[in-house]
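Subject: Structure for you to look at

Hello,

Here is the structure I said I would pass on. Please open it beside this message; my notes follow below.

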Amino acid sequence: TIAAKVEDRSPPVFLSCPSALITHTIMAGDSFGPMWEVPKAVDNSCEPPTVSESKSRKPGDFMAPGNHQITYTATDKHGNSAAECTFPVTVIDHKAPTIKNCPKENIVVAADMHATVARATWPSISAIDTNGNALTAENIDKLPKSGMHFHVGINPVEYKFKSLVSGQVSTCQFSVVVNDVERPVPLKEANDTSMFKCTKTGEFVKNHRQCGGLYLTLKSRNGRANTLGDVVPYSGPVRCCNDAYECRGDDMYKACLPKL
């Protein structure tokens with residue numbers, strides 16, 4: 001009697017395998033991931049083969065943003081394996097970057113003594129996206145930087161960071177406010193008022209009269225008009241006799257000051 005041994009060397013066969021790209025968009029608060037149909041396989045033994053994913057991932061599992069490769073294998077009880085079923089899954093992140101150290105309030109500083117500028121500092125501003133990528137602010141070379149000198153007034157600062165994953169943009173906005181707080185000092189001599197000569201409607205105005213109609217008796221060393229004296233109001237167009245100067249100031253005080 002001859003005993004015959006029959007070996008099963010036929011691998012299982014996948015009935016189907018997803019071919020189209022599967023995409024999933026992460027929205028705020030999501031805790032689930034992309035969905036797909038697990039491929040089915042059959043075997044010549046008529047017993048269902050074991051179908052498994054290479055990294056044990058299941059439909060609905062949360063996945064990080066980016067491109068993923070899903071790979072299934074099918075193995076029968078004799079150890080025969082089918083050709084792999086592989087398909088791509090892309091997870092899209094619509095979340096904006098997270099910014100660190102953005103000043104919550106404007107930075108207010110006093111102008112340096114005898115100057116119209118002041119140095120302002122703030123912590124290093126940085127940002128990351130949901131993949132943990134460290135981001136560089138747009139136009140970083142042209143942005144104001146901590147430690148720079150800023151002129152008297154309101155100086156807007158804006159940092160923009162764009163996610164490498166979602167393309168979403170987060171913005172850090174604040175202003176550096178430089179105040180002129182220097183006390184005025186008296187003019188030393190009459191000639192010091194020559195820069196304040198103005199012309200009103202074609203008529204010469206006294207040397208030390210302000211553009212706004214006040215006698216100028218005091219000025220700060222940084223050029224800001226701080227005046228005391230009798231009010232001599234007048235209206236009409238006003239220009240400075242010296243073209244190197246311009247009539248400027250605030251709502252209360254104006255004078256012919258060197259052009260900025």
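A nonpolar core, as used here, is a set of buried Ala, Val, Leu, Ile, Met, Phe, Trp, Tyr and Cys residues joined through side-chain atoms within 4.5 Å. Buried means under 20% relative accessible area, exposed over 50%, and partly exposed in between, with a 1.4 Å probe and protein chains only. This is a predicted model: local features need pLDDT of at least 70 and side-chain atom pairs count only at pLDDT 80 or more, while totals for chains, interfaces and linings use all residues. Residues are numbered from 1 along each chain as its sequence is written, and side-chain values use heavy atoms, with hydrogens and water left out.

Overall

The chain has 21 strands and zero helices; both are DSSP runs numbered from the N terminus, a helix (H or I) needing at least four residues and a strand (E) at least two. Of its 260 residues, 35% count as buried. The accessible surface comes to about 16,200 Å², and 52% of that belongs to carbon and sulfur atoms; areas come from the Shrake-Rupley method with a 1.4 Å probe, and for residues only the protein chains shown count as cover. Taking contacts (heavy atoms within 4.5 Å) between residues at least 6 apart in sequence, 61% join residues at least 24 apart.

Cores

The largest nonpolar core has 19 residues, and those with the most contacts inside it are Trp122, Ile125, Tyr159, Phe161, Phe174, Val176 and Val178. Strands E8 (107-110), E13 (153-162) and E14 (169-179) each supply at least two of its residues. E14 gives the largest share, four residues. Leaving aside residues up to four places away in sequence, Phe161 touches Pro97, Ile99, Ile125, Ser126, Ala127, Leu135, Thr136, Ala137, Gln168, Val169 and Ser170. A second, separate core of 13 residues includes Met63, Ile70, Cys85 and Val89.

Sheet

E8, E14 and E13 form, in that order, an open sheet of three strands with mixed pairing; two strands pair if DSSP finds at least two bridges between them. E8 and E13 stand at the edges with a single partner strand each, so one side of each has no neighbour in the sheet. From one strand to the next, the twist averages 20°, with axes fitted as lines to C-alpha atoms (for helices over the stretch in contact) and angles running from 0 to 180 degrees between N-to-C directions. E8 and E14 run parallel and are joined by four bridges. Val109 has Val178 in E14 as its bridge partner.

Aromatic pairs

There are five aromatic pairs in the structure. Rings of Phe, Tyr and Trp (its six-membered ring) pair if their centres lie within 6.5 Å; planes under 30 degrees apart count as stacked, over 60 as edge-to-face and the rest as tilted. The ring centres of Trp36 and Phe87 are 6.0 Å apart and the planes are at 70°, so this pair is edge-to-face. Trp36 lies in the loop between strand E2 (22-26) and strand E3 (41-42) and Phe87 in strand E6 (residues 85-93), so the pair ties together parts 51 residues apart in sequence. Trp36 is buried at 9% relative accessible area, and Phe87 is buried at 0%. Ring pairs also link Trp36, Tyr72 and Phe87 into a cluster.

Regards
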